[in-house]
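Could you walk me through this model in my viewer, one selection at a time? I would like to know what to pick next and what I will find there.

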Amino acid sequence: MTTKENIIDKADQFIRAKGYNAFSFKDISNDIGIKTASIHYHFPTKSDLGVATIKEHIARCEALKKKVANESPLVKLQAFLEVQTQIKKENKVCIVGSLATDLNTLDNSIKTELQKFAQIVINWLTEILIEGKELNQFAYEMLPRTKAIMIITNMVAIVQLSRLTSDDDFELVKETILTELRPKK
């Protein structure tokens with residue numbers, strides 16, 4: 001991992017563990033053993049680092065979309081749900097959810113990138129749902145985008161809520177999403 005990648009990774013960890021406003025370049029430098037000047041070399045401002053961190057999530061999402069592009073809608077949906085499962089396993093929260101709590105204090109460049117990322121995820125899941133319905137693999141009554149948003153919000157929320165309740169609740173919500181999409185016979 002390059003120094004730049006290491007800085008982005010550490011920023012991601014801090015954002016998702018503490019929130020954007022709760023860490024500084026000094027925290028990163030102490031944690032990875034470099035001078036703050038090295039961080040400023042790659043990211044002149046904290047906003048630049050925030051944008052780069054979101055862009056890393058966008059790149060991961062795009063890579064996942066590409067990886068499963070030729071798979072069935074169910075496999076694509078399962079790939080999406082697996083991202084949330086991994087977040088849960090790592091005891092993290094979604095970057096969108098974490099940054100959204102700080103939204104009113106974020107620089108416009110971060111807000112713009114965050115909105116872009118959220119739209120990419122919503123659009124991807126909407127496309128999966130439309131394809132699944134067209135192939136009679138999924139059944140749902142509402143607009144596809146609305147269903148996509150409901151799935152996303154359920155998953156983001158259960159990652160956090162199941163920290164207070166149990167892992168079984170996380171699995172229950174995930175399985176319910178899949179069950180409710182199955183066509184009724």
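Here is a short tour of a predicted model, going from a pocket to some charged pairs.

Stop 1: Start with the largest pocket, which has a volume of about 570 Å³. Select His57, Val83, Gln84, Ile87 and Phe117: of the 28 lining residues, these are the closest to the pocket's centre. Then colour the helices α1 (3-18), α4 (46-67), α5 (73-89), α6 (95-100), α7 (108-134) and α8 (144-161), the elements that each give two or more residues to the lining. Colouring the lining by class shows 17 nonpolar, five polar and six charged residues.

Stop 2: The structure holds nine salt bridges. For one of them, select Asp31 and Lys10, whose side chains meet at 2.4 Å, N to O. Asp31 sits in helix α2 (residues 25-32) and Lys10 in helix α1, so this pair ties together parts 21 residues apart in sequence. Show the surface here: Asp31 is partly exposed at 45% relative accessibility, while Lys10 is buried at 13%.

**Stop 3: a pair within α1.** Next, pick Asp12 and Arg16, which form a salt bridge at 3.0 Å, N to O. Both lie in helix α1, four residues apart, or about one turn of the helix. Are they buried or exposed? Asp12 is buried, at 2% relative accessibility, and Arg16 is buried too, at 8%.

**Stop 4: Glu90 and Lys92.** Finish with this salt bridge, where the closest N and O atoms are 3.3 Å apart. Glu90 is partly exposed at 40% relative accessibility, and Lys92 is partly exposed at 22%.

Key: Residues are numbered from 1 along each chain as its sequence is written. This is a predicted model: local features need pLDDT of at least 70, side-chain atom pairs count only at pLDDT 80 or more; totals for chains, interfaces and linings use all residues. Side-chain values use heavy atoms; hydrogens and water are left out. On a 1 Å grid over the protein atoms alone, a cavity is a set of points where a 1.4 Å probe fits but cannot get out, and a pocket is an open set with protein on both sides within 12 Å along at least five of seven lines; lining residues have an atom within 4 Å of a point. Grid points are joined across faces, edges and corners, and a volume is the space filled by probe spheres set on the points. Ala, Val, Leu, Ile, Met, Phe, Trp, Tyr, Cys and Pro count as nonpolar, Asp, Glu, Lys and Arg as charged, and the others, Gly among them, as polar. A salt bridge is a side-chain nitrogen of Lys or Arg within 4 Å of a carboxyl oxygen of Asp or Glu. Buried means under 20% relative accessible area, exposed over 50%, partly exposed in between (1.4 Å probe, protein chains only).
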